[in-house]
Every structure is written in structure tokens, then in C-alpha cells.
Amino acid sequence: MGLLPDEAKVLPPPGIVNRNSVWFGLCGWATAMLHNSLNRRPALKAGVHRQALFTTVGWFIGYHLTKYENYKYATLDRDMNEYMRLHPEQFPEKEPKTFAEIVEPFHPIR
Amino acid sequence: MPVGRLFLKTSAVSKMFSRNSFIASKPDPSKPNMLRVGLAFGSTAVLWALLFKQHRTDVHEYKTRNGLE
């Protein structure tokens, strides 16, 4: 974890298959296929080593990006909860209303 | 000395990469550069191994820090 502090290790790590990994992997694959197309080679069948490498690089970047994203959201949640704990007067518990109290009276026009 | 003369590349060895028409060839798809292919597949394998190792370390760290092991 180069850009994550030590406290980030408390968070559950993302799975190997995660949203950012899949997206970046697909982007890498699309880049390799585009490279093939622009060099007038068959898009899927040529340069399989390049397709594999680009997909892998994308997947790798996506995994670490997901970890970073999880940490950022966790810090935001922690700060928000801490603020709510320190200022309870700004967050009063409201009694839940039933629909009967909220909904306007119904006057049918038939 | 005129300023233009200072930009003359009079050195025998050109520092700029150029394709000599005597040795240049079109890239031939039927003869792949196996070194480059091998390096690509090798680095792919290395990256996947690094990823799985990092994931394993992360899961272990998470479990130890939260007392789940």
C-alpha cells in the first residue's frame, strides 16, 4: 500500500473480481484491440500477448484503485459519524409518520 | 559565426534514431519477436502473481487486525 496509511489495513480488502478491476481490464483489452485495428491487424486474433498484458495491467490498477476508494469513503463515513456524535442537537430523532398522516385527503371526481 | 551554423548536425554519428533503408523491414506477423512475446506473457504472469499475493496479505492483515483468526 504505497499511498494508503497503515490504518487502511483495518478495512476489508476488495475481492480479486471487483468493479474497478473489471472496468479497467476491459479498457486495457479495448486499448489492445484498438492498437491492432489501427495497425490493420485482426482485432481479436493478433497480438494476444499484448491483449493479455494490457488487461492484466488494467486489472491490477483497478484493484488498487478500489482499495484507495474504499479507504477514502471509510474516512468520510468516520468523520461524518464523529460529527454527528459531537453535535447530536443537529440530528434529532424524528417519530416515523404513517402514510395516513402524510397523504392529502382524497376527493374523487367521478 | 551565423546562428544557423550552430544547429548543423555535422557529427558523424546521428544522435537521432533513424531507419536506414538498407536494414529496415516491415513488421512481419508470421515471424513474431519471441523475446517480446515472452516478456509480455512473463510480466502478465508476474502481475497476476503480485495481485494474488497482495490480496492474500490484505485478507490476512484484515483478519488479524479485527481478531477474526
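**Figure 1. Chain B of the predicted model.** Of the 69 residues in chain B, 10% are buried. The structure shown is a predicted model. Two helices and zero strands make up the secondary structure of chain B.

**Figure 2. Chain A as a whole.** Chain A has three helices and zero strands, and from the N terminus on its elements run α-α-α. Its radius of gyration is 25 Å, well over the 13 Å that the globule rule gives for 110 residues, so chain A is more spread out than a compact globule. Along the principal axes, the C-alpha atoms of chain A fill a box of roughly 70 × 60 × 20 Å. Buried residues account for 24% of the 110 residues in this chain. Among the contacts in chain A with a separation of 6 or more, 64% are between residues 24 or more positions apart. The accessible surface of chain A is about 8,500 Å², and 64% of it belongs to carbon and sulfur atoms. Chain A carries 13 positive and 11 negative side chains. The centres of these two sets of charges lie 21 Å apart.

**Figure 3. An aromatic pair between the chains.** A pair of aromatic rings is described by the distance of the centres and the angle of the planes. Over all chains, a search of the whole structure finds three aromatic pairs. One of them is formed by Trp59(A) and Trp48(B), with 5.7 Å from centre to centre and 50° between the planes. Trp59(A) lies in helix α2 (residues 48–86) of chain A, and Trp48(B) lies in helix α2 (residues 34–65) of chain B, so the pair joins two chains. Trp59(A) has a relative accessibility of 16% and counts as buried. Trp48(B), at 28% relative accessibility, counts as partly exposed.

Figure 4. Trp48(B) and Phe52(B) are four residues apart in helix α2 of chain B, so about one helical turn separates them. Phe52(B) has a relative accessible area of 49% and is partly exposed. The limit for exposed is over 50%. Ring pairs link Trp59(A), Trp48(B) and Phe52(B) into a cluster.

**Figure 5. Thr44(B) and its contacts in chain A.** Thr44(B) is a residue of helix α2 of chain B. Which residues does Thr44(B) touch, not counting residues up to four places away in sequence? Thr44(B) touches Ala52(A), Leu53(A) and Thr56(A). With a relative accessible area of 7%, Thr44(B) is buried.

**Figure 6. Arg40(A) in a loop of chain A.** The loop between α1 (19–38) and α2 of chain A contains Arg40(A). Most residues other than glycine have a negative phi. Arg40(A) is not a glycine, yet its phi is positive, at about 55°. The relative accessible area of Arg40(A) is 79%, and the residue is exposed.

**Figure 7. Leu38(A) and Leu4(A).** Leu38(A) lies in helix α1 of chain A. At a relative accessibility of 66%, Leu38(A) counts as exposed. Between Leu38(A) and Leu4(A) there are 34 residues of separation in sequence and 38 Å in space, C-alpha to C-alpha.

**Figure 8. Ile61(A) and Leu26(A).** Helix α2 of chain A contains Ile61(A). Ile61(A) counts as partly exposed, with a relative accessibility of 44%. How far apart in space are Ile61(A) and Leu26(A), C-alpha to C-alpha? The distance is 12 Å, and the two residues are 35 residues apart in sequence.

Technical notes:
Residues numbered from 1 in each chain as written. Chains lettered and ligands numbered in written order. Predicted model: local features only at pLDDT ≥ 70, side-chain atom pairs only at ≥ 80, totals over all residues. Heavy atoms only, no water. Phe/Tyr/Trp six-rings, centres within 6.5 Å; stacked < 30°, edge-to-face > 60°. Buried < 20%, exposed > 50% of the residue type's maximum accessible area, 1.4 Å probe, protein only. Rg over C-alpha atoms; globule rule 2.2 N^0.38 Å. Contact = heavy atoms within 4.5 Å. Areas by Shrake-Rupley, 256 points an atom, 1.4 Å probe, with all protein chains shown as cover. Lys, Arg positive; Asp, Glu negative; His and termini not counted. Charge placed at Lys NZ, Arg CZ, Asp CG, Glu CD.
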